[in-house]
Amino acid sequence: MYLPPQFEEVREREILKIIENFPLAVIVCDNDGDLIANHIPLFRHNQNSYLGHIAKANQLHNIFPNGVDALAIFSSENSYVSPNWYPTKAETHRHVPTWNYQVVHMKGRLSFDYSNKSKLRVVGSLTKLYERLHFGDEGWKMSDAPKDFMGQMLDSIVAFQFDVESVIAKSKLSQNRELKDFNSVKRNMQAQSKKHLFDAMGGIEKEL
């Protein structure tokens, strides 16, 4: 990833917030030059590993039965940024459009697990986390579904663990602009209901 120093995201809390709010990762694996990409939600198991699952019909676990090195990419909100949003445009007109976004790249290794214990842990933890996040105490629970039906669903998936070896992250949020331009872009994020970008810019504003 191209990563100018001013956009490098090193705040662990911000990185974790991106992943929690946008857990659907693009997981890329190399099969002798043939790149395989899958879109899979992940959640943090501990400091150095994430858990997820794929459909048993997904050939990924058959292609790599002993595990595989992989790249997981998480993307937050993104937005076009118009030069018209910069107050300094009227002074110089030396501005061009750009794009603001946040991304996290994690390199690591996928290991597949077919045990019911692992599948229950993955599905149960993922469900509990995001049902509670979106619906609180009214969220759906695995116990709401018939036991035989859940058994069939678990039989149709494969669990995996993603052990993280390195992390790089990028927050491109106009922090390279003059403060009045930065604040104008931030206001436009709010006007466009880009809540996550607006909040992220609020965190950076304190450091400018």
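In which sense do S3 and strand S4 (residues 49–55) pair, and over how many bridges? They pair in the antiparallel sense over 3 bridges. The legends below describe a predicted model, in which local features need pLDDT of at least 70 and side-chain atom pairs count only at pLDDT 80 or more, while totals for chains, interfaces and linings use all residues. Residues are numbered from 1 along each chain as its sequence is written, and side-chain values use heavy atoms, with hydrogens and water left out.

**View 1. The open sheet has 7 strands.** Strands (E, at least two residues) and helices (H or I, at least four) are DSSP runs numbered from the N terminus. The strand order is S2-S1-S5-S6-S7-S4-S3, with antiparallel pairing. At the edges are strand S2 (34–41) and strand S3 (43–46), each of which pairs on one side only. Neighbouring strands are turned by 35° against each other on average, direction ignored. Two strands pair if DSSP finds at least two bridges between them. Strands of a sheet pair through backbone hydrogen bonds, either parallel or antiparallel.

View 2. Axes are lines fitted to C-alpha atoms, for helices over the stretch in contact, and angles run from 0 to 180 degrees between N-to-C directions.

**View 3. Helix H6 (residues 179–191) packs with H7.** The angle between them is about 155°, and their axes are 8 Å apart. H6 and H7 are therefore roughly antiparallel (an angle over 145 degrees). Among the residues that meet are Phe182 and Met189 in H6, and Leu197 and Met201 in H7. The residues of this contact (heavy atoms within 4.5 Å) divide into 7 nonpolar, 3 polar and 2 charged. Ala, Val, Leu, Ile, Met, Phe, Trp, Tyr, Cys and Pro count as nonpolar, Asp, Glu, Lys and Arg as charged, and the others, Gly among them, as polar.

**View 4. Ile168 lies in strand S7 (residues 157–172).** Ile168 is partly exposed, with a relative accessible area of 37% (buried is under 20%, exposed over 50%, partly exposed in between; 1.4 Å probe, protein chains only). Leaving aside neighbours within four places in sequence, Ile168 is in contact with Met1, Val103, Val104 and His105. Ile168 and Met106 are 62 residues apart in sequence, and 6.6 Å apart in space, C-alpha to C-alpha.

Conventions. Parallel < 35°, antiparallel > 145°, perpendicular 65-115°, else oblique.
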